[in-house]
Amino acid sequence: MDLKPLITLVAIINPLAIVPFFIHYTQGFDEAQKAQTIRVAAFSAFVVIAACALLGLQVLDFFNISLESFQVGGGLLLLTSAINMLNARPAEARPNEPTLEAGAEKAAMGNSIAVVPLTIPLLTGPAAMSTVVIYADQATSFWQHLALVGYGVVVAACVWGSFSMAEPIARVLGKTGINVMTRLMGLILAALSIEVMAGGLVKLFPVLNG
């Protein structure tokens, strides 16, 4: 079984990097509310991955986008995420990312913080989605597609475990420890992103293959 898609997804999503955001957004929540937020975030992460694995290619066909172009673009997103992670920023962080105060306002307006912003875009943003679509195209059998959906279950379990242990993790690792972990995952992701882009560029420009 090829575990590369799973390693890539875990590196991109990196639930540990989102633990500080989870702690902030759930300030004032009782234990039942925190548990509900954790369950919804984990399930939402699974749904996004499963949907991309099963329907991502059909969406590309609908918009008439070649997988090779999508693969190069996805690789660039992965590299951007890796650079953000090497700077100890969340994998999907962007210059115009909503602030913590803006996220609290969204929650107050009735939007579930478990879905926005914890799941989308902090956990499963564009880089994670494009990665799943790329690996879905490389899948050649039903079982390989099923494995991608299964990886979504593993990712959901990682999200659930990380958020459930948020406060103990924050106490043990501290901000510095979480930043170190994020940088290590970013280094792995940077190497994987180059491989993804190289595969797409060779298909677009066969001359690169010698």
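How many salt bridges does the count come to, if a salt bridge is a side-chain nitrogen of Lys or Arg within 4 Å of a carboxyl oxygen of Asp or Glu? The count comes to two. Before I go through them, please keep in mind that this is a predicted model, in which local features need pLDDT of at least 70 and side-chain atom pairs count only at pLDDT 80 or more, while totals for chains, interfaces and linings use all residues. Residues are numbered from 1 along each chain as its sequence is written, and side-chain values use heavy atoms, with hydrogens and water left out.

Because Lys4 lies in helix 1 (residues 4-13) and Glu195 in helix 9 (residues 166-204), the pair ties together parts that are 191 residues apart in sequence; helices here are DSSP runs of H or I, at least four residues, numbered from the N terminus.

The other is formed by Lys34 and Glu167, whose closest N and O atoms are 2.8 Å apart. This pair links Lys34 in helix 3 (residues 31-62) with Glu167 in helix 9, 133 residues away. Lys34 counts as buried, at 15% relative accessibility, whereas Glu167, at 40%, counts as partly exposed; buried means under 20% relative accessible area, exposed over 50%, and partly exposed in between, with a 1.4 Å probe and protein chains only.

Finally, Leu189 is in contact (heavy atoms within 4.5 Å), leaving aside neighbours within four places in sequence, with residues including Thr8, Ile12, Leu78 and Met85.

Definitions and conventions:
Helix = DSSP H or I, 4+ residues; strand = E, 2+ residues; numbered from the N terminus.
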